[in-house]
Amino acid sequence: MVVRQVLACDACAAKTITRVQVGHGDSQVHAFPCVSCGTGITFSLRIDRKNVKVEFGPDPTNASWVNDEVDAVQSLAFAVELLIPQEALHAGMGMTPFLLTSQLFRDWPTFAKHEAHRRAWQMQAPTALARLRTHLERGNHELFIRDLEEFDRSLPDTAPDWRKLKEYADLLRVAANLMALPRPDWLDRIQERTETAWETSRERVGQLVTESIDAGQSLQLWHELGSFADRFHERWSLVGLLLQPAYWRDPSVAMEDFVVCDKRFSALKLLYIEAFETMCRISMLAVAVEAIISRRNLRIPTKKDSMGVWDYDRLPNSQKSHHLKGLPVDDLFVPFMDTTLRNGIGHNSARYDAATDQVVWTAFKKSGPVENRMHYTNFCRSVLEVCSTLLHVQQYFFALHIRAKATPW
């Protein structure tokens, strides 16, 4: 469904006709610069699916709703579920963003099939996964087995807790393969490294898991991963369209030439920070696994001597990539540990600039404040990158606990 409304710029009164594709969510936020004066304009939609009703937000930023299209200076088309070329925003009345964007795909039927699977997962899986976590924590064995059947999986009533944890971890592997950017062979590599560590020294793997549980680290990380899973699925529609270039004839095109029409920077900022911090915590388990394989202990070498893996865990995130570099799995973490971006968007100065379609933040250096800018589509790509990384590397946590036949709670 497409809805149509007219906005008048509060600064210069220039009118813009907006044509908005209604997506699968319950709200949308769109932004654009006034074509006459450059003022950034933002407006929103509220979608009531139960009553099949769409309402435009009453208070656009820097603009007002008007009832006529007379003397409108531009017409913009917003497609919330497609990553569209810049020119598709200005598609004429005879064209739509869908028609212009569909030409980019090398195999539209395959994309449509995969997208349908993702939408089906989004409708069923998030709430079911949250229930499974609750059942695991509370020991609701019968309820866990019943809700597991929603995923066409089954377990005997006598299955131990670690076996239930494995079923839950397997569902997260499905989510990683379905909802994240492709990470060829990552899950197999993580499985291979944890198995090698187990065969090298079961005692040390057991020590790592036991110390983690006793210190409350396992339970804390379990809750952090659960919180991330909820937030990622809740906000997946804001970044999931960045999966589309993988289906294009030329997937290497520059992202700044394309537009993410739904602008919710604050929501994605929180998602990025949460995923980044949890990914950095998971990196300790990867470091520990490599220490067990290479040295049969839980210490990592430093320039002067060595440090324990728990000392690594307490390091600032900006220092962790240094210790990861050179490990067989450094490519699973180091390229995504962008502390400059993480610290930048975490600052109160970070904002979305509707006039330029950029994320803006200020870095404070000795020489003075420095303004940084990033195209909004590139920012969305960075959010999906770090989320996709965490969706895969979280399997370190599950693989180690399952190997030790232990649970975090």
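This report covers charged pairs, aromatic rings and a surface patch in one protein model.

The model is predicted, so local features need pLDDT of at least 70, side-chain atom pairs count only at pLDDT 80 or more, and totals for chains, interfaces and linings use all residues. Residues are numbered from 1 along each chain as its sequence is written, and side-chain values use heavy atoms, with hydrogens and water left out.

## Salt bridges

Side chains of opposite charge can pair when their charged atoms come close. A salt bridge here is a side-chain nitrogen of Lys or Arg within 4 Å of a carboxyl oxygen of Asp or Glu. How many salt bridges does a search of the whole structure find? The count is 32.

Three of these pairs are set out below.

| Pair | N to O distance |
|---|---|
| Arg 4 and Glu 69 | 2.7 Å |
| Lys 166 and Asp 170 | 3.1 Å |
| Asp 353 and Arg 373 | 3.2 Å |

Start with Arg 4 and Glu 69, whose side chains meet in a salt bridge. This pair links distant parts of the chain, 65 residues apart. Arg 4 is in strand β1 (residues 2–9), while Glu 69 is in the loop between β6 (63–66) and β7 (74–78). Helices (H or I, at least four residues) and strands (E, at least two) are DSSP runs, numbered from the N terminus.

How covered are these residues? Buried means under 20% relative accessible area, exposed means over 50%, and partly exposed lies in between (1.4 Å probe, protein chains only). Arg 4 counts as partly exposed because its relative accessibility is 39%. Glu 69 is partly exposed too, at 34%.

Lys 166 and Asp 170 tell a local story. Both lie in helix α4 (residues 161–179). They are four residues apart, about one turn of the helix. Is Asp 170 buried or exposed? Asp 170 counts as buried, because its relative accessibility is 18%. Lys 166 has 30%, so Lys 166 counts as partly exposed.

Next come Asp 353 and Arg 373, which meet in a salt bridge. Asp 353 lies in strand β12 (residues 351–353) and Arg 373 in strand β14 (residues 368–375), so the pair ties together parts that are 20 residues apart in sequence. Asp 353 is buried, with a relative accessible area of 14%. Arg 373 counts as partly exposed, at 37%. Salt bridges can also share partners: Glu 81, Glu 115, Arg 118 and Arg 119 are joined into one network this way.

## Polar contacts

A polar contact is a pair of N or O atoms within 3.5 Å; within protein, one must be able to donate a hydrogen and the other to accept it, and residues adjacent in sequence count only if both atoms are side-chain atoms. The side chains of Lys 15 and Asp 68 are joined by such a contact of 2.4 Å. Lys 15 is in strand β2 (residues 15–21) and counts as buried at 15% relative accessibility.

Arg 193 belongs to helix α5 (residues 186–200). Its relative accessible area is 16%, so Arg 193 is buried. The Arg 193 side chain makes a polar contact of 2.7 Å with the side chain of Glu 290.

Arg 189 is also found in helix α5 and is partly exposed, at 22%. The C-alpha atoms of Arg 189 and Arg 373 are separated by 36 Å. Along the chain, these two residues are 184 apart.

## Aromatic rings

A pair of aromatic rings is described by the distance of the centres and the angle of the planes. Rings of Phe, Tyr and Trp (its six-membered ring) pair if their centres lie within 6.5 Å; planes under 30 degrees apart count as stacked, over 60 as edge-to-face and the rest as tilted. The structure holds 26 aromatic pairs. One of them is Phe 105 with Trp 108, an edge-to-face pair at 4.8 Å centre to centre and 85 degrees between the planes. Phe 105 is buried, at 3% relative accessible area, whereas Trp 108 is partly exposed, at 28%. Both rings belong to one aromatic cluster, whose members include Phe 98, Phe 111 and Tyr 247.

## A surface patch

Met 95, Phe 98 and Leu 99 form a nonpolar patch on the surface. Together they have about 240 Å² of accessible area, a value from the Shrake-Rupley method with a 1.4 Å probe, where for residues only the protein chains shown count as cover. Patches are made of residues with over 30% relative accessible area and no salt bridge; like charges are joined within 9 Å, and nonpolar side chains (Val, Leu, Ile, Met, Phe, Trp, Tyr) within 5 Å. Met 95 lies in the loop between β8 (84–85) and α1 (97–102). Met 95 counts as partly exposed, at 31% relative accessibility.
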